[in-house]
Amino acid sequence: MFTSDDYGYMARALRLAERGLYTTDPNPRVGCVLVRDGGIVGEGWHERAGEPHAEAHALRAAGERARGATAYVTLEPCCHHGRTPPCSEALTAAGVARVVAGLQDPNPRVAGGGLARLQAAGIETRSGLLAAESEALNPGFVSRMRRGRPYVRCKLAMSLDGRTAMAGGESKWITGEHARADVQRLRARSSAIVTGIGTVLADDPALTARLPEGVTRQPLRVVLDHALRTPPRARLLRAPGATLIVGTRQDTAPREALLAAGAEIVLLHAPQGRMALAEVLEVLAAREINEVLLECGATLAGAFLHSGLIDELVIYMAPALMGDGARGLLHLPGLERMDQKLALDVRDIRKVGVDWRITAVPL
């Protein structure tokens, strides 16, 4: 049984882990609190990939006071050498007496091995404390380790009557400034932003993350562009950060022009002339992409949803009506009967400025 103090200290570790929301990619967001004689003697969080993990920061802060302490870590301490030494070894060398882990690491290179090493060194270990909260903080890392693909979050904006653009294509702006600022936070936490060539040609978006406090990392921009029609002067090719164009055709001329403009190109095999969206996600997982933000039109968003590849919908709803001649939210052909409707589980509804943000997951 965990005590109320255990819960309190792990909650503190989770709050620390949240500080790495925009910076740790592709690593998980992890926090650590060291407690001895009823008080915190050291704490830390993983700040950036390649830099010390949360446990190392906490141990450095605690110094000799770490000996005999309890370490509360939101994710099982690692047991393998990567860009930093194993945290299980550091905790053992520091003389920590007890380790309480939130989530067992889903990485096959760890997967219980970190706790096993600590136990072999005579350290008492417990796990599973606020595990769901730790997983919720790292949906992309967990998805990539367990399912071999990123976590896909689809962002949509609509009017109260479910419309995304006027019949002629005009769509700026459906929502207000607070909702648009909230989208920037979604972008900043994402590993990649995926869009379609239709959106690039219609809107010429930059697809960059812009936060008032600044960002240290731009998400990878990914354009699904079957025939390599992305203009070499597109804004997303001139914006900070990298752009990946995923196509299927081997045309030399557009490919050379896009490469010269700074794009990276991946060509997939498409036997039926249709790009396999699951294969796109496999390509991104191989690049250690954890969280994907899907920002695209109704056709591509509908295709991802129909394929069962959307994990979360974030829908910004403006208190306005655009009429039945305007464009709809999702293109979902073939839904003709009520028993074919796609059910959603609404997890959160909250007001963002003058608009409403609805967070839902497909059932």
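Author: Glu291 is buried, at 2% relative accessibility. Buried means under 20% relative accessible area, exposed means over 50%, and partly exposed lies in between (1.4 Å probe, protein chains only). The model is predicted: local features need pLDDT of at least 70, side-chain atom pairs count only at pLDDT 80 or more, and totals for chains, interfaces and linings use all residues. Residues are numbered from 1 along each chain as its sequence is written, and side-chain values use heavy atoms, with hydrogens and water left out.

Glu291 forms a salt bridge with Arg153 (2.9 Å, N to O). That term means a side-chain nitrogen of Lys or Arg within 4 Å of a carboxyl oxygen of Asp or Glu. Glu291 sits in strand 12 and Arg153 in strand 6, 138 residues apart. Strands (E, at least two residues) and helices (H or I, at least four) are DSSP runs, numbered from the N terminus. Arg153 is buried too, at 3%. Both residues belong to a network of salt bridges, together with Arg29, Arg189 and Glu312.

Another salt bridge joins Arg287 and Glu264 (2.6 Å, N to O). Arg287 lies in the loop between helix 11 and strand 12, and Glu264 in strand 11 (residues 264-267), so the pair ties together parts 23 residues apart in sequence. Arg287 is partly exposed at 32% relative accessibility. Glu264 is also partly exposed, at 37%.

Then take Asp348 and Arg357. Their closest N and O atoms are 4.0 Å apart in a salt bridge. Asp348 is partly exposed, at 22%, whereas Arg357 is buried at 17%. The count comes to 21 salt bridges.
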